Amino acid sequence: METTSNSSVFLLTVNGQIEGANFPDYDNLYCKYCYVYGHDWAPTTGLEEGITQITSKSSQSHKLIWNFPLETTFKSTSPSGWPQLVVSVYGPDIFGNDVVRGYGATHIPFTPGQHIRTIPMFVPEPTWRLQKFTGWLLGRRPEYTDPKVVAHGEGREVTRVRSQGFVTVSFHIMTKDMKRMGYDTGPTNSSTVQSATSSQSRDVQ
Amino acid sequence: MAASSDIREKLRKKRRALQDTLVKNKNEDDIQALVPSAKFNVDKQPTAMKEAEGSDEDPGETLRRTLRAQREKRKTKLLEQSFVQDEDVGEDSPTEYNSPNEGPSSRVDDSVVFTRPPTGSQRGVSVKSEQPSSSLHLDTFVTRHLQEKLRAARSKAESLQQQETSEDSSEPVSRLQRLKDRDTITRFDRKAHPVSSGRHDDPLTLRTRVKFREPARRVEKDFPTAEEAYNFFTFNYEPDQPSKPESKSRKRQKQRDGVEEDERDENGQEEAEEEEEDEAEEDNQDQNEFQSEEAPLVRNEDDLFVIDHSPQDFVEVRKAEYVGFKTRVQRERELLFTPSFLTVPTSVKLPENTKPRFLEDEGLYVGQRPAVSLTNENISENRVLKMAEGSKWFGDDGKILALPDPIKESSTRPPLFHMDEELDPALQTVYRKAIKSQYANLYIAGATDPEGDYQLDVDVSGLIFSHHPLFSREHVLASRLAQLYDQYLSRQQNNLTGHLTEKLNGLRKALRNMIRIHGEQGSSEALQHRISEYSLEVRNTRQLRDLEQEKDRTLLRSIIKVWKEIKSLRDFQKYTNTPFKLFLRRENVDRALDEWEYEGEILKEVLELEAESEEQYQKKLAEFNKQLEVWKLWRKKQKAKRKKKKKKKKGQTQDDTEEDEEEQEAGEEEEQDEIESEDPFEEDPVKPEVPERPEVDSLERWVREKASRIRRKPGEPILIPELSTSGGITASDLCPRAEVARREDVSRRSLFIKILYNYKEVSRTDSRSLSTDFRVHFGQIFNLKVLNCPQSINLQVFEEIGSSYSLLAQVFVPVPDPSVVTGRAPIEEIEFSSNQHVMFDHEGVGSDVPLSFESDGSNKLTLLTSGKLSCCVSWGVGEEGVPLAPPLSQHPAGAYRGPGHLDAVSYIGASGLYDMKKIGEWAIQSRLDPNDPKNTSIMHLLKVATSGEVAAPDYFRLEHLQEEFNFVSDEEMERSKRFRLLRLRNQEVPEFRNYKFVPLLEREISDKVFQDYEKRLREGETIDTRQHLDPHRAAVAKYLQQIRESVINRFIHTKHHYQLSDLVIEEEIPSIGLLGINLFKLAESKRPLKPQRKERKKVTAQNLSDGDIRLLVNVIRAHNIPIRKPQSSKPGQSSQSAIQGSDWYLSQVQVRPFVEVSFQRTVLQTTTAEGPNPSWNEELQLPFNAPNGDYSTGSLQSVKDEVFINIFDEVLYETGPSDKSRATSIHTQIEKHWLGSVKIPFSTIYSQSKIDGAFKVNTPAVLLGYSREHGSTSVYDQWQSTQGGTFIRLFITVEPQLVPGESVREKIKEAEFNSQEDERLLQASEKFEKHAAGGYPDRPCITTVIDLSGKTVFITRYIRPLNPPQEFLDAFPNNPQEATSLVARYVSLIPSLPDQVSFSATCDLLSTCDQFLTLLAGDEQEHAVLLCNYFLFLGKKAWLIIGTAIPEGPTAYVLTHEQSGYFIWNPSSGQFYEKGDTFCPLQTVGCLVNADNVWFNIQKNPSPLHTNFDVTKAKMWKPFFSRSFSHPGLSSVQPEELVYRQTDKAAAAELQDRVEKILKEKIMEWRPRHPTRWNRYCNTTLKQFLPKLELSRGQDVAEGHRVELQNLLGDYRISGFPLHLPFSEVGPIIEAVHSTGVHNIHSSNVEFALAVYIHPYPNNVLSVWVYLASLVRT
């Protein structure tokens, strides 16, 4: 709508990686991710969506490792609609059909620094038994119309889901100008913040 | 070794015999086993509560005691042994003790041991290998020694093991092999040792016990003797490897019996001793045992030998050992056991010489055995048999013992058959609300941070029982004495009596003084008053003193009484239990003085009493007098009455003098009493009695009596009791048995206290034994780190007897105030009691048991266990003396975090919004416990409230916490542009619904943002006449706009209602039918000749964004396009051209049409085709953008955009030959001439998802330069041309397919389903519609519609004859046909507005005709209803057709029946079609409606062509109202008559000018780079044509018209056309003009002509004509 080139924004840089997942029963999975954010947010650099390689478990470890890097910078004018990372995991079932293995979402951490998030994953349940069976047989299990649904609270009451596994994501968060714009994101080391702002002001000068 | 085998045999026999007896005498055994075990228990821990055995029987007792002593001794020994062994003994000993055949049973026991040695010996080997090599010498010695012994043993064993080799090292081969294997292992181990033997020495020896060192050192010096070696073996290893010496020692035991016994053997031996076993047998048995062990011992020998050879072994290279298959099998057989699956013969399973018994055959009940396969049973039998004692697993019948099959055949749970019916109430599930855990989340705020750790110190100092079940009688009395003494002491300390006496004396003195003064100075009122007050005070004080004195006296008396009782009890029972001693100290007093005081006191009291009684008398007297007065007054009245009566009686005696009367009166006064009795019936004041004067003598007597009762007699010494605990307690030896038992019981008991914090045990004290004086001292302080808010602190007193403990009592300690800090808090004594019932058979009195101290058993009292717990709970003090208590403010807040305390009062408390007084009252009324921690905050609040003034506001706040969440004030919220923007966006106001990037800073928001919004808000109030040109229409438009907004708002609401299909994609289950079709499809040809369209995947709209949706328009072909007429400048030439016709026809192109599709200002066009029936077959893709980027269903439904499909003729003109390059090039100019258009609203496409069919092209009535006459003369063409229509075949759809928002509509329909119709009718209609939808899903059927107020109305109510405007009727009075078409035209002139756009939420919203005429907008249904009603008024037979048409989709048409047949009217175009017309846009006929009934079409083919419209035929039409459900006589919702307003002609003219002006401006605007010249002459000419066109209602008047024009404008090449539109707004007119593309002619010499004509019809219905022409001078 309006050009925001000259208006003030704050920046949120998300680095990190989708480290891996823990799905005890499934193998050969890949993961898709995307961000969901509010009206006041826009990605400036980096990939907004991505898809990982297919990974399989080794005989020793039971973890699926993707180590898929995330690098996105957002700009925003309001913390409302803070970006959420939505991950969805897919993989083949017994018959080789690609089916969904889980959806999950987490907010990007607010505070600068390193964070590790373990996202519990779930899939929608078929509405009735026969459907479940045919879905299993034909490899057409219920899926969300849009994975982004899991980032919203609205309308979820009509669905039934089953829990599936976990995806671990590590984040390295940097923010710029948050404090200057009057948003204090909690207990960060004050000295570092100060130095950051001072360097900032120097830059401005 | 024959002996040993014999013994074995014997043993086995005996064992069997024993088993037999065991089995047979099971019952006996049980009893036997029970009793001793009980006894065993008793002597283990003789509880007080045992069976009522004769404990007083002395001989039995002594016997038992001796036995017990013996056993005790034994037990102490046993206890020294390891736990396992102990357990073994514990199990075995009772049976041994009791069974008649003790020997065998013990042997059975031994046989268990018998199986053990192999493992033991193996362990021995491994240990051996660990021995340091420095003891090599010792080893060799031992080896030699052992060898000797071994040889001796083997000679014995040879006879036993005959099958084995007779060699010296007679060993089974397999064993030998195994040993060899082991050799290598040991060697491997040793490799390491010799290398660093010296170093290894010390640590290794350290491992063994110290004892080991000595012999080891000695070994180094010289060889030990046999004795030493033995000792070495027997001693040193004992503690470390208990099992290893076992084997060794046993070997020795043969020689040295019982001297130094292994513990295990000791055990065995002991048993033997105790059982007085046959020594010999025992010996043999031992022997037997050891011999069997010898064989494994040999291995040691081998080992030892190897050690000698070891140096060679290190370097020896050997072949890999091959073990033959057989040997391996043999070896395996040694280790492994494969149970055979063959049936085991019964004889093996049963004891010898017994036949299997079959209990079932004997008639006993035997349950069914669980089903086990025979093989499995055999295997397990074989396995069991292999075990020692295996045979005990078999029953009498030779089968494995088994319980009956527990699985029942049928379910024990009663089946629930009746699923539909009501369940038995007992089986119904009852819903209970979930209860929240009460103590979750009670954390003190801030407790998580390190500063906030709070500490609660609980000091449990001790416990005193005031009664305990183990109290003896003396204890009971003693405790009572102690209590009384305590009371006495406390009274003594307070000395209330003394205080009161002094006070009394003081008061008396003061009173005396006062009276004296009073006597001197005369009475003053104040003084009098004071005197009376004083005397009252004196009286009260005296009474109090008397009371206290009496209490003192009785206390003293009862102390003495109790003490006497104790003394007598002690005398009686001849022993003392308590150390209490009471001394009574006598203080002698001076008798005379005492007496004097005593008398003086009495005197004073008597005097006072006298005075008091006198006073009282006076008072009574005064009262009496007063009452007397009253009475007298009454008497007088009475008398007066009587006199009147008398007067009446003696009427004559009026001459009596008044004196007489007076006399009479006086007389009567005297005889008052008599008179009173005269009339007892009348209620009258009783005559008061004269009060008695008090007697002084009786007073004195009473005082003296009292004094003697409550006071010490004069001269009697003062008794001061002193209780001491110096008395001795009789030693237990001197006490009777019952008392001893009690004392023992007491000593066994111990107590501990559990500390429960918030009902969770946090710690407990050590258990302390109960002392004889029933005091327990704990003296422990517990520091509790507190995280949760203290709810309760509870101390539970537990009594422990042996290992079991029971809860005695609970003591709740109040949670201390934060100010109560450790060190300053006093220890409090908290009383407790328990009501448990305890009874003893010894001297203990028990608890809750009636107890009497009287000899006759009367005066019983029941004592409950009770006592005092002294403890102290306080908040801890941290370093630097900081109290570790939570701050007071947090404390109540934390307490109220619990869900149990969610009461509004405390929450509001923060702002003090309540009535203090009321709370105070409530607190008093409900008697709140101030100590209850729950109430602390209220109590605190009340305290504060009562101390200081708290202004209670007189308002109530609903959300009292809201204020805390406001981060800015409301004013600031209003003022801030940013917040306003955010709020508006959140409210989904259309302008801001998808606003992105609300700027962060206030100053970055420009005011422009709100302009549109504010403008819209302003518009809401003022009507913008400029845009609407017509005030009435503007008002209507505004009204429509409002409805639209409300509908859209409702949509936004419903948008948030999701269905599963909105969120989850789920494949539908293929039905069986579908599966069949799919199977059938397999046989289909892969590329069918006529491919069918496949269903596309539907996409819900909400996930879409810009550019995702495209509109696909497939332009296939067109029919009957007008063709160009040959240009001729003069009319005269026409004949010539006609002559040349055929020639010209061949040379000239008739028409070169192309199609241009414009949608949302995107314009695409097809290629140019040729001829009047072109075929393009082209697909055009147009992008679609939703308004505001909102792709929700509701938003899409309200899209108002239309798809314009225009047909143009591409005309090439040579611009004239250019002289220069005449030969080489021709300049042509392309012009496009509009031929016609089709307009399809997007909402139609959206709701139908695809539109496919031939559409009639809306061609202008006159098309200058074109004619419909085709050159060809074929019959078909002729016929077609007479039908007068151009048709275009289109296929339009949206890609991807969008799910129409039907669900939303359904939801709203359900939500607003209220109606005034009869419920039965509604049900019937629902059923009817459902049935119709079920049978013919593609035929629309409507029986009910929703009116503007949202109510459901039956559709027939809308049909009613209504009058059309009178002028139509008057216009052609003789020609009804004309009137009909006029009416139809009138209806069609009312602007049409698709429902999806206007009332998108409710599709079937149907307004009545008057509403429709007021709104001047409606959909096809409203048009059809109006038209139908007009037709009915005109006397026609008319019906409403509910059906589907192209392109509207579901729609409504009108059917009329006339003599010539049925006609179908399109109400929105005003055109009619005959029933057989193939070009009728109506495709299916769903149902017919008239005022009486609804008929549903049940014919095979629903197209109007094939439909029989005779509704009387039941086979073809299904009526709604039939005989079974007759028409209930529904009244119409339509008005009786329509009133029309004549439209203001002047306004119409004004509008006409304005429209013309606007259009001219627009056309110039569209041609920004070219000058637009208007041909005024032409303008006026055209203007003249238009009214004619209106008159002829658009009938073809083209020819004359053109000629006329041609005449007028000779040299111009004219192309142009009139457009005809109903008028709603200017916008659509502009749009229509734009779509013709007239303005696109760019030739330099073009001129334009434009004329507008607006014809007014009644009720503001306007017909708009726009004539557009372009002129090019040739």
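A: Starting at the N terminus, chain A runs β-β-β-β-β-β-β-β-α-β-β-α, which comes to two helices and ten strands (DSSP runs numbered from the N terminus: helices are H or I of at least four residues, strands E of at least two). This is a predicted model, in which local features need pLDDT of at least 70 and side-chain atom pairs pLDDT 80 or more, while totals for chains, interfaces and linings use all residues. Residues are numbered from 1 along each chain, chains are lettered from A and ligands numbered from 1 as written, and side-chain values use heavy atoms, without hydrogens or water.

Of the 205 residues in chain A, 44% are buried (under 20% relative accessible area with a 1.4 Å probe, protein chains only). Take the chain A contacts (heavy atoms within 4.5 Å) between residues at least 6 apart in sequence: 75% of them join residues at least 24 apart.

Now for the packing in chain B. Zoom in on B:I1205: beyond its neighbours within four places in sequence, its partners include B:V1155, B:V1157, B:V1238, B:I1240, B:I1288, B:L1290 and B:I1292. B:E1156, B:G1236 and B:S1237 are also among the residues that B:I1205 touches. In soluble globular proteins, nonpolar side chains tend to be buried together.

Methods
Buried < 20%, exposed > 50% of the residue type's maximum accessible area, 1.4 Å probe, protein only.
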